Amino acid sequence: ATLLIDGSPQSGRKMPDKLFGIFFEEINHAGAGGLWAELVSNRGFEAGGQTTPSNIDPWSVIGNETYVTVQTDRSSCFNRNKIALRMEVLCDDEESNACPAGGVGIYNPGFWGMNIEEGKAYNLALYVKSMEPIDISVSLTSADGLQSLATANIALATLELSNWTKVELQLEAKGSNTNSRLQLTTTKKGVIWFDQVSLMPVDTYKGHGFRKELFSMLADLKPSFLRFPGGCFVEGEWLRNAFRWTATIGPWEERPGHFGDVWMYWTDDGLGYFEFLQLAEDLGASPVWVVNNGVSHNDQVDTSSILPFVQDVLDSIEFARGEPTSKWGSVRAAMGHPAPFELKYMAIGNEDCGKKNYRGNYLKFYYTIKAAYPDIELISNCDGSSTRLDHPADMYDFHIYTTANDMFSKVHRFDHTSRDANSPKAFVSEYAVTGNDAGTGSLLAALAEAGFLIGLELNSDIVEMASYAPLFVNANDRRWNPDAIVFNSWQHYGTPSYWMQHFFKESNGAMLHPSVLQTNSSSLIASAIIWTSKEDSSTFLKLRLSILGAIT
Ligand code: AHR
């Protein structure tokens with residue numbers, strides 16, 4: 001095959017500045033137990049539900065029932081998360097009724113083991129209450145409790161008794177173990193309540209709470225936008241379990257957390273709406289906020305009753321963009337970000353186009369948001385690539401999960417889409433080869449996706465943005481395969497689809513030059529781009545050639 005390229009300056013067409021970005025969904029423990037560096041899982045003991053007694057999973061008890069009993073009650077000092085843990089210690093430090101060596105108490109293994117590293121510091125915060133003087137040992141240990149990595153003591157003085165007291169201390173690790181746990185133990189008889197126990201590594205990206213090596217994987221893709229927080233996670237199986245931004249902001253200990261019923265796990269919502277906006281800013285990416293439009297997988301709000309939902313979304317915009325003196329802007333400022341975030345893109349719902357109330361609800365959101373914030377680009381869930389949308393939108397969402405052959409053939413998917421200047425542009429916000437061709441990640445899948453992306457570049461006069469899905473998977477909780485980045489508590493790697501995206505990271509705002517591929521093969525596709533490096537103003541030419549089933 002021969003590739004002919006016209007590289008003359010006047011022949012190039014500038015591609016959109018935001019052509020390639022990333023889509024973060026709270027799926028596969030991408031955030032809780034993933035990018036969000038919090039090491040304690042179920043830190044407020046709420047995951048077992050709001051009724052008591054409830055299970056405290058993954059917390060476990062150290063010591064049998066003759067020494068210690070543990071149950072949940074509703075005595076927390078936090079109104080939105082009333083559950084606390086009540087631990088009654090029956091043994092003592094006296095010989096007649098002695099506690100086992102090492103004491104009794106509780107431990108948390110984090111998300112399939114905590115990665116504790118020698119020489120690193122960890123911030124512990126917890127709330128504790130008791131009626132009598134107490135002495136608690138805090139320790140980081142191996143999974144069997146035998147290897148001690150760090151220890152500290154908490155003693156409550158008589159003055160603080162009966163009140164909830166916040167304790168904060170720093171633990172420095174004297175050893176390493178990738179499968180560690182946090183223990184709270186005592187050898188003293190009495191009743192102790194615990195609530196909101198957090199253990200954060202001091203060393204997170206800019207101190208913003210993001211696990212550094214996973215953040216780097218994202219930053220290396222040079223994403224121009226960050227779509228968040230889902231996906232189906234935004235919708236929920238039921239509306240009561242959908243992502244509600246107001247429950248995810250403010251002090252971490254006051255957040256109720258919620259059970260994501262699509263991907264079937266609890267999240268303490270440490271990675272909340274504010275943190276997503278912060279993540280986008282840290283990545284130099286534009287946030288794309290996907291909002292629930294009153295539609296879940298199984299229930300829907302009638303358009304006649306949708307206004308409170310619309311107001312809630314307007315409030316979320318004020319939180320992101322409002323003056324620090326405004327109602328919601330002041331909450332953001334109190335969280336440490338007085339300057340507004342640059343929120344310019346919002347998607348109204350996720351994959352909801354076919355649902356009964358979608359269009360009605362959509363229009364209420366669309367017109368109200370546009371009236372208040374005309375510069376925000378609004379994205380519809382309805383596919384406008386083959387037929388004109390019957391409602392106004394700045395962009396329409398397009399999702400594709402398919403086989404390698406089919407993905408590769410979709411290089412032409414947008415060739416015949418209307419070029420009418422008034423038509424909304426495409427946002428391919430989820431694409432991936434799935435099934436047997438992909439497994440948990442394959443070169444075949446990546447090559448087919450590369451072909452598809454070349455097609456998007458060639459059609460980037462009407463395709464504005466695109467992102468792969470899903471982004472992350474914790475190898476201990478594979479809810480969806482394949483994914484771009486695989487990790488556990490201490491390791492990570494990019495699948496071929498990750499590195500495929502890496503190969504396209506210079507496309508945003510680059511010049512696409514006309515190229516002709518002289519070949520008899522229909523499984524060969526190419527594009528040529530020229531871009532100037534921001535670092536040293538050098539100019540580069542990059543050719544992309546993808547052939548299905550072979551590496552070129
Ligand atoms: O990316 C995984 C899921 O696929 C998303 O949550 C949803 O939007 C799509 O169906």
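This is a working chat about one predicted model and the places in it that are worth a look.

Trainee: What should I know before I start?

Mentor: Residues are numbered from 1 along each chain, as its sequence is written. The model is predicted, so local features need pLDDT of at least 70 and side-chain atom pairs count only at pLDDT 80 or more, while totals for chains, interfaces and linings use all residues.

Trainee: Which domains does the protein chain have?

Mentor: The assignment gives domain 1 (2-33 + 204-547) and domain 2 (60-201). Such bounds come from an automatic or database domain assignment. The centres of domain 1 and domain 2, taken over C-alpha atoms, are separated by 40 Å.

Trainee: How many residues of domain 1 are in contact with domain 2?

Mentor: 14 residues of domain 1 are in contact with 14 residues of domain 2. Contact is counted when two C-beta atoms, placed from the backbone, lie within 7 Å. On the side of domain 1 that touches domain 2 there are 3 nonpolar, 9 polar and 2 charged residues. Nonpolar covers Ala, Val, Leu, Ile, Met, Phe, Trp, Tyr, Cys and Pro; charged covers Asp, Glu, Lys and Arg; the others, Gly among them, are polar.

Trainee: Now the ligand. Which residues surround it?

Mentor: Glu25, Ile27, Gly230, Gly231, Cys232, Asn350, Glu351, Glu430, Ala469, Pro470 and Trp480. A residue is near a molecule if its C-beta atom, placed from the backbone, lies within 6 Å of it. By class, this shell has 5 nonpolar, 3 polar and 3 charged residues.

Trainee: What about the peptide bond from Gly230 to Gly231, cis or trans?

Mentor: Cis, with omega near 15 degrees. Gly231 sits in the loop between strand 15 and helix 2. Pro229 is in the loop between strand 15 and helix 2 (232-235) too, and a cis peptide bond with omega of about -5 degrees joins Phe228 and Pro229. Helices (H or I, at least four residues) and strands (E, at least two) are DSSP runs, numbered from the N terminus. In general, most peptide bonds are trans.

Trainee: Next, the core. How many residues does the largest nonpolar core have?

Mentor: The largest nonpolar core has 152 residues, and Leu226 and Ile379 have the most contacts inside it. Helix 8 (residues 443-458) gives the largest share of this core, 11 residues. The core also draws at least three residues from each of domain 1 and domain 2. A core here is a set of buried Ala, Val, Leu, Ile, Met, Phe, Trp, Tyr and Cys residues joined through C-beta atoms within 7 Å.

Trainee: And what counts as buried?

Mentor: Buried means that 20 or more other C-beta atoms lie within 10 Å of the residue's own, exposed means 12 or fewer, and partly exposed is in between, with C-beta atoms placed from the backbone.

Trainee: Which residues does Leu226 touch?

Mentor: Not counting residues up to four places away in sequence, Leu226 touches Gly21, Ile22, Phe24, Leu279, Ala280, Leu283, Ala285, Pro287 and Val288.

Trainee: Which residues of helix 1 are buried?

Mentor: In helix 1 (residues 212-219) they are Leu214, Phe215, Met217 and Leu218. These residues are on the same side of helix 1, because they cover an arc of only 155 degrees around the axis. The arc is that of the directions from the helix axis to the C-beta atoms. Glu213 and Ser216 are exposed, on the face turned away from the buried side of helix 1.

Trainee: What covers the buried residues of helix 1?

Mentor: The cover includes strand 3 (22-23), helix 3 (273-283), strand 25 (485-487) and strand 26 (492-494). Helix 3 is largely enclosed by the rest of the structure, because 9 of its 11 residues are buried. Gly284, with a positive phi near 65 degrees, follows helix 3.

Trainee: Last one: Lys222 and Met264. Where are they?

Mentor: Lys222 is in the loop between helix 1 and strand 15, and its phi is positive, near 50 degrees. Lys222 counts as buried because it has 20 C-beta neighbours inside 10 Å. Met264 is in the loop between strand 16 (258-260) and strand 17 (265-267), with a positive phi near 60 degrees. Met264 is exposed, with 10 other C-beta atoms within 10 Å.
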